Structures are given as C-alpha cells and as structure tokens.
Amino acid sequence: MMRRIAVLDAPTNLGLRPPTSTSVPGCAKAPGALRDHDLLARLRARDAGCVTPARYDPGDWRPGDGVCHAREIADYSLALAERIGSIIDRGEFPVVLGGDCSVLLGSALAMHRLGEAVGGRIGLVFVDGHSDFRHPGNASYVGAAAGEDLALVTGRGQADLAALEGRRPYFRDIDVVVLGIRAQDEYRLDLQAAGITTRPVPALRAEGAARTAQWAHEQLADCAGYWVHIDVDVLDPAVMPAVDAPDPGGIAFAELEILLAGLVDTPHCLGVELTVFDPDYDPDGSYAAEIVNTVVAGLAPVTAPEAVPPRLLSARPTPSPRRGNGRTTSATERSNGPRGAPGDKSQYVEAAAPDFSVDAGPPADAELPGVRSVEQLGGSPGGRSVGPSGLRSVDPSGVRSVEQFGEPAADPSGERAAEPTGDVDAAGRLPLGGLAPAKSDPLGILGPVHSGPAGVAAAAEREPVGPPASAGPGLLRRPSPTAPDADHPDADTA
C-alpha cells in the first residue's frame with residue numbers, strides 16, 4: 001500500500017531580514033513557483049491548501065528587540081502545526097513548501113504534540129547549508145528567526161517562540177542530526193558542545209549521500225519517528241544561487257536527491273519541509289524546475305507500491321541496545337493492528353507504551369547550552385539502504401561566544417567530542433522509542449561518486465542529555481491560532 005503525499009503551502013517570509021528598505025524577501029513566492037512546474041501532479045499528491053502568513057512589516061524593529069515578527073511567527077507556527085497534524089491524522093505524508101526556515105517551528109510543534117501522544121520522542125534530520133544556531137547565548141543579538149530556527153526548536157531563545165504551549169524543547173539535542181552545513185560553519189563548536197550530531201559537507205561527500213541517510217537513521221534509532229527539514233541552500237551556489245544566503249561548498253542536486261530518497265524510504269519518516277528557495281533570483285524558472293525534478297525523484301520511495309503507511313514506535317521500558325557497550329535489552333513486542341479513525345494516534349503505534357512520567361523540563365525562560373559535531377558529507381554509493389540501530393549522546397558543556405553573526409572562524413575537522421556512557425540522564429529518565437529496521441532499496445542503479453572510505457561510521461554511545469521533553473498542556477491539543485551580501489541582503493544569517 002503506497003503512502004499518499006499531501007502538499008501544504010507555507011509561504012511565510014517573516015523569518016528573514018528585508019532585502020532592501022523598500023522590498024520584502026521573495027521566498028514567499030516559492031510554493032507557487034514550484035506548483036507551476038506540476039509538482040503536485042507529478043507527486044500524485046493531494047492539495048492540502050495554504051497557511052497564509054501575516055503581513056511582512058518589520059516596523060521599527062532594532063537590534064536588541066529580540067526576534068523580529070516574533071508574535072506573527074508564533075501565531076503562524078500554531079496554525080501550521082494544526083494543519084500538519086491534520087494531514088498526519090489522515091495517514092498521509094506531509095510535504096510542506098516554505099517559505100523561510102521559520103516554518104520549522106510549526107513542524108516542530110506538530111512533532112512534539114505527536115510524540116507526546118504516542119509516548120515517545122520525535123527526531124529531526126536538519127539538512128541545511130547553515131546551522132541556524134544563533135541564539136542569545138552565542139550572539140550579541142538575535143533578529144531573523146530563519147537564522148535561529150534550530151536554536152529555537154531545541155529550546156534556546158525567547159519563550160514566545162521556543163516554548164509554545166509550554167513545550168520546551170520541541171526536539172531534544174540528542175534527537176537532532178544536522179547534515180550539509182559547511183565545514184567552517186560559524187556555530188559548529190556550539191553544536192558540538194550541545195551534543196548535536198552533525199555531518200558537514202566534506203564528510204557527507206566522503207561517505208556518500210546514501211550511506212549518510214542510513215547513518216542518520218541510526219543516530220535516531222531511539223526515536224519513535226522523525227521529521228526532515230531541507231533548506232535548498234544546502235546545494236552549492238553553482239547549481240542553486242536562488243537563495244537568500246548562498247554559501248560555496250554545498251552539494252549537488254544528484255546528491256540531494258539520493259539523500260532525500262534514503263531519508264524518506266522508511267515508515268518512520270513522518271514528513272518533509274522545503275525552505276528558502278527565492279524565485280526573485282530565478283527569472284526564467286530553471287532553478288524551480290531543477291528543484292521539482294529533485295523532489296519528485298527523491299520522494300519516489302514514499303509513493304512506491306510497496307511503501308507502507310507511517311509507523312511510530314512507542315516508549316520502551318528499557319533502553320535500546322547501544323553499539324560498543326556490551327549491554328543487551330529485551331526485544332520490544334511489536335503489533336500491527338488495524339488503524340484507528342482519523343485523529344487516533346494509536347493507529348501509528350507499533351508497540352505498547354508503558355506508563356511513565358514526563359519531566360516538565362526547564363522553565364520557559366531558561367537558556368540552554370551549546371551543540372555537537374561529527375564527520376562531513378559527500379557523494380553517493382549505488383542504491384539506498386536503511387537500517388536504523390543504536391543511539392549516541394554527547395555531554396553538552398559550554399557555549400562559544402561570538403560577536404554578532406560575523407565571519408565563520410577557521411578550524412576543526414568537525415570530529416565528534418568524547419562521549420560518556422550510562423543508562424540514564426541526570427533526571428533518571430530512560431531513552432524512549434526506537435526505530436525498527438526498514439528494508440533496503442533494491443535498485444542500486446547509481447554508481448558511487450565519492451572516493452572516501454566505504455561503510456558507515458560506527459555509532460558511538462551517547463547519554464540522553466540536554467533539556468527534557470516538556471509535558472505540555474495536553475495530548476495533541478491544537479488550540480486555534482491567534483489572530484548578507486550585496487546580491488542577497490535578506491540573508492537569514494546576517
């Protein structure tokens with residue numbers, strides 16, 4: 001039974017700085033530009049409509065005022081989370097067309113609600129040319145949410161965005177995998193300090209896109225499922241200059257296609273969002289056509305006849321096996337009962353969840369530390385295979401201070417920091433959820449384009465550190481929403 005795709009437009013540009021004093025960011029036009037190239041017809045997708053954002057108007061915002069458009073972004077995130085939740089309730093696969101990267105806040109809120117309902121944690125695969133990890137702990141001021149989205153969804157920053165509905169963080173640090181950032185990303189050391197797993201472009205390319213997708217699965221093996229964020233600035237400006245902040249050293253369209261196909265080729269992938277494409281820099285539509293070709297090919301596993309509907313794993317009473325620690329645990333009994341009615345999240349749960357308490361998490365105004373880093377990225381071997389197993393965690397410590405959002409500092413190879421061992425975190429909680437191995441893709445038609453070492457990097461043991469998931473004010477309660485550079489001055493990193 002194939003999975004049905006539902007395409008939802010999220011044409012917000014509220015998270016970016018204005019290109020000029022008299023213009024607005026053009027990424028709000030992206031969903032329409034992609035639809036013009038028959039995206040829905042080629043995906044055989046249901047049209048899930050559009051979540052319309054508020055007017056773009058920075059007003060008299062000044063540095064030091066916090067995130068610009070914060071109230072509007074918060075309202076938009078609540079509305080977007082509601083719509084994404086409705087798509088998942090129908091058993092469909094949401095594809096969200098941004099818009100800027102602030103759409104991640106709405107997706108993250110929807111995933112936290114879902115994880116709370118099934119008694120597990122939802123992870124995030126963050127495919128982006130920039131870490132988007134600017135926050136008050138490592139920068140002199142914040143302003144553009146599209147350059148701060150990863151920090152916000154991991155609980156860093158102002159509470160009116162980072163703690164919607166009292167939920168903070170939406171994703172725990174150990175449940176995030178960052179792919180495609182540049183080797184000298186400005187906040188790479190902060191990611192490393194927080195224990196957020198990263199694979200920059202050089203390592204991605206060395207291992208290959210298919211193996212990198214498999215590796216990402218393995219890092220999230222203790223999650224009940226995961227969401228995929230793709231910012232098209234992960235692509236090199238030589239092939240995709242139509243973004244607000246182009247940065248040399250990205251990947252190619254072919255690599256993104258293989259990476260996307262590997263990430264979605266499992267029932268544990270819950271949906272995908274696409275962000276930051278700006279049609280203002282694509283007058284003839286050629287870049288929009290390339291994006292559509294890549295997305296259609298990359299999402300082919302979702303609509304393949306043998307594809308299975310979304311399947312979440314619930315919390316387990318014991319931690320899953322971890323590589324290299326010699327510990328074993330009892331296998332979780334799985335059941336594949338009939339699906340419930342729309343809105344009944346039990347239809348996605350693959351294993352019975354025991355009673356457990358969820359820590360309320362840090363105060364809504366608490367600031368959280370740093371980041372984590374790893375290998376880097378590259379080409380792709382033939383075929384796609386998926387086989388999640390194991391989990392890593394890193395003990396966070398400290399945050400690197402920077403002056404505003406300046407030039408990236410030169411350095412490190414991006415190797416992962418030493419990781420502690422143990423069964424529980426400081427609050428005595430056990431890791432929740434787990435991903436069942438998915439079948440390998442039989443095609444194997446793409447030859448390798450990398451020259452790096454074969455095989456997947458061994459997963460190292462990690463403790464579930466970082467801020468605990470918030471209990472929130474109720475299961476899947478969805479309240480109605482309340483009402484650079486010279487060529488690209490609206491850069492979200494400026």
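Predicted model: local features only at pLDDT ≥ 70, side-chain atom pairs only at ≥ 80, totals over all residues.
Biologist: How many salt bridges does the structure hold?

Modeller: Side chains of opposite charge can pair when their charged atoms come close. With the cut-off of within 4 Å, the structure holds a total of 15.

Biologist: Is D9, the partner of R35, buried or exposed?

Modeller: R35 in helix α1 and D9 in strand β1 (residues 5-10) are 26 residues apart, and their closest N and O atoms are 2.8 Å apart. R35 has a relative accessible area of 23%, so R35 is partly exposed. D9 has 8%, and buried means under 20%. D9 is therefore buried.

Biologist: Which parts of the chain does the pair R46 and E92 tie together?

Modeller: The side chains of R46 and E92 form a salt bridge of 2.8 Å, N to O. R46 is buried at a relative accessible area of 18%, and E92 is buried at 3%. The two are 46 residues apart in sequence, so the pair ties together strand β2 and the loop between α3 (70-89) and β3 (93-98).

Biologist: Which residues are linked with R46 in a network of salt bridges?

Modeller: R46 pairs with E92, and the network includes E92 as well. The residues linked with R46 are R4, R90 and E92.

Biologist: Which strands stand at the edges of the open sheet?

Modeller: The sheet has eight strands with parallel pairing, in the order β2-β1-β3-β8-β7-β4-β5-β6. An edge strand has a single partner, so one of its sides is left without a neighbour in the sheet. The strands at the edges are β2 (46-50) and β6 (197-199).

Biologist: Which residue in β6 stands opposite L179?

Modeller: Strand β5 (residues 176-179) pairs with β6 in the parallel sense, over three bridges. Opposite L179 in that pairing stands R199.

Biologist: What is the span of helix α11, and what should it be?

Modeller: Helix α11 (residues 286-298) has 13 residues, and at 1.5 Å a residue it should span 18 Å. The distance between its end C-alpha atoms agrees, at 18 Å.

Biologist: Which elements do the buried residues of α11 pack against?

Modeller: An α-helix has 3.6 residues a turn, so residues three or four places apart point the same way. Buried residues in α11 include A288, I291, V292 and V295. The buried residues of α11 pack against α1 (30-35), α2 (39-43), α10 (253-264), β8 (269-275) and α12 (300-303).

Biologist: At what angle do helix α9 and α10 cross?

Modeller: Two packed helices are described by the angle between their axes and the distance between the axes. Residues of α9 (209-219), including A209, A213 and H217, meet residues of α10, among them E255, I258 and L263. The crossing is right-handed. The axes come within 8 Å and cross at roughly 30°.

Note on methods. Residues numbered from 1 in each chain as written. Heavy atoms only, no water. Helix = DSSP H or I, 4+ residues; strand = E, 2+ residues; numbered from the N terminus. Expected span 1.5 Å × (residues − 1). Buried < 20%, exposed > 50% of the residue type's maximum accessible area, 1.4 Å probe, protein only. Contact = heavy atoms within 4.5 Å. Pairing = 2+ DSSP bridges. Axes fitted to C-alpha atoms, helices over the stretch in contact; angles between N-to-C directions. Left-handed = near helix turned anticlockwise from the far one by under 90°.
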